[in-house]
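Dear colleague,

I am handing over the structure we spoke about, and my notes on it follow below.

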Amino acid sequence: MAFADISSRLMLLRFQGMLFSLPIFSVVLLLHSSSPSVAQQVDIVVDEAASPPQNQYWSQYVLDAGDQISIDVFRVPQYSGEYEVLTGGLLFLPMIGQISVRGLTIDQASATIARAYASRLRRPIVNVTLLSPRPLRIGMAGEVSQPGIYTMQREGTQFPSLVDALSVAGGITQSADFRRIIIRRSISGNSEETLVSNLQDFLDTGNLDQDLFLRDGDSIFVPSNEQFDRHEAWQIASANFSTDENTTLNIAVIGEVFRPGPYTVSGNARTGEAGDVGRGQSAEEIAPTVTRAIQLAGGITPSANIQNIKVYRRTRSGQKQTIDVNLWRLLQDGDLTEDIVLQEGDTIEVAQSNDLTPNEVAEIVTSSFAPDTIEVNIVGEVDRPGRVQVSPNTPLSQGVLAAGGFNNRATRRAVELIRLNPDGTATKTSIEVDFSVGIDPARNPLLQNNDIVVVRRSGSARVSDTLETVTAPLSRAFSIFALPSTILRLFD
């Protein structure tokens with residue numbers, strides 16, 4: 001077989017994509033010409049270990065500034081060598097000088113350089129190998145935590161994918177429509193290619209085809225979801241391309257909580273005493289949710305309507321969303337989707353309810369998003385008057401017992417309950433204490449934070465105190481008159 005025929009076959013293989021579609025390979029040419037009668041033989045060995053698995057990606061890879069390449073001109077070592085593609089995609093090669101490979105695939109660059117050498121060499125065979133690809137510059141916009149431009153490195157022969165890029169940008173937000181993530185890509189010329197990825201399909205079926213490999217210059221846009229879907233939101237929260245759980249969020253909590261206002265919330269906040277700002281209870285981080293934000297705001301008040309909580313959210317596109325949250329379903333049915341995951345800038349409003357039953361109140365104040373304890377003032381005729389800490393579901397009778405119970409001067413008929421209202425007013429109610437009665441709004445109501453319980457003196461104690469007040473001056477007078485005789489007795 002003539003050398004020209006060998007060259008022709010190699011070129012045919014090359015343009016058919018059977019040999020040179022991989023960026024890194026080793027070709028060994030053994031030309032046996034010991035005798036004119038012996039046919040010349042070509043043995044081709046492809047180094048599979050050096051070939052990346054992303055064959056299609058590599059065949060479409062385009063060169064630009066920063067790429068490290070190797071150019072091998074067959075049997076012309078002085079023209080061969082390793083080069084870096086310079087700014088503008090330029091190469092400076094021996095004998096031909098400046099040549100641009102920007103926007104060319106590996107095969108296209110090989111053909112372009114071969115044509116450039118054709119004026120100096122007879123039928124040149126040029127092989128271009130990609131030694132070290134340039135870092136990728138990727139643009140991220142839309143419903144990601146940190147939009148912007150990112151530089152991403154490859155790992156071995158693996159190029160970064162869409163999921164990798166979303167993770168680098170802090171993950172997608174709860175408002176993201178991850179069924180149609182758009183990738184815009186520049187291709188040869190001035191044209192643009194648009195790709196759409198459905199990461200919902202990726203989560204449901206593990207279809208890796210949806211996790212597209214990226215190229216330098218790609219722009220990723222994550223659109224906003226027009227309608228909030230709490231089930232999809234939990235899928236987002238559990239995915240590895242969601243917002244980092246260690247990230248703190250700036251949110252606001254208003255309404256029936258002990259300390260309404262703006263907060264920076266993480267996932268492990270837990271309040272203790274009512275009105276205390278919730279703090280982290282463990283090193284473990286979880287996604288910040290509505291109940292965690294309520295904990296941070298000191299917990300809900302007993303008059304909170306947990307069936308009517310609203311989360312006000314603004315998407316990246318400027319759209320306003322109102323999300324209804326019913327934490328009563330969470331308590332009754334264990335529906336975790338009601339405890340939605342928050343995102344930056346959310347406002348939580350807890351409405352007030354005036355028609356809760358005692359059983360509902362008792363269940364609410366013992367929930368995980370209520371404070372652990374409340375403080376009440378027990379004053380008057382008890383053994384240990386002052387401020388006492390009790391659980392939120394403590395009725396009046398148990399509050400009195402927490403202060404040591406009635407002393408022997410107390411009236412056991414009724415106590416006064418003074419309650420501070422949110423509008424700044426106060427109400428005073430006389431309640432007959434019956435330790436045999438359970439929780440009852442009229443006879444044994446649940447105590448609330450900062451309640452004041454006044455235990456009055458009994459009738460006999462008041463008479464005794466009055467007599468003591470009247471007789472005290474007379475006793476002091478008699479003491480003065482008896483003083484001289486007392487002194488004289490000292491000398492007897």
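In what order do the three strands of the open sheet stand, and is the pairing parallel or antiparallel? The order is β2-β1-β5 and the pairing is antiparallel, where strands are DSSP runs of E with at least two residues and helices runs of H or I with at least four, numbered from the N terminus, and two strands pair if DSSP finds at least two bridges between them.

This is a predicted model, in which local features need pLDDT of at least 70 and side-chain atom pairs count only at pLDDT 80 or more, while totals for chains, interfaces and linings use all residues. Residues are numbered from 1 along each chain as its sequence is written, and side-chain values use heavy atoms, with hydrogens and water left out.

Within the sheet, β1 (residues 68-73) is joined to β2 by four bridges, and Q68 is placed opposite E84 of β2. Helix α3 packs on this sheet and touches β1 and β5, contact meaning heavy atoms within 4.5 Å.

R419, in strand β20 (residues 415-420), is buried at a relative accessible area of 18% (buried is under 20%, exposed over 50%, partly exposed in between, with a 1.4 Å probe and protein chains only). Its side chain makes a polar contact with the side chain of D451 at 2.6 Å (a pair of N or O atoms within 3.5 Å; within protein, one must be able to donate a hydrogen and the other to accept it, and residues adjacent in sequence count only if both atoms are side-chain atoms). A polar atom of the R419 side chain also lies 3.1 Å from the backbone oxygen of L446.

With regards

Technical notes
Axes are lines fitted to C-alpha atoms, for helices over the stretch in contact, and angles run from 0 to 180 degrees between N-to-C directions.
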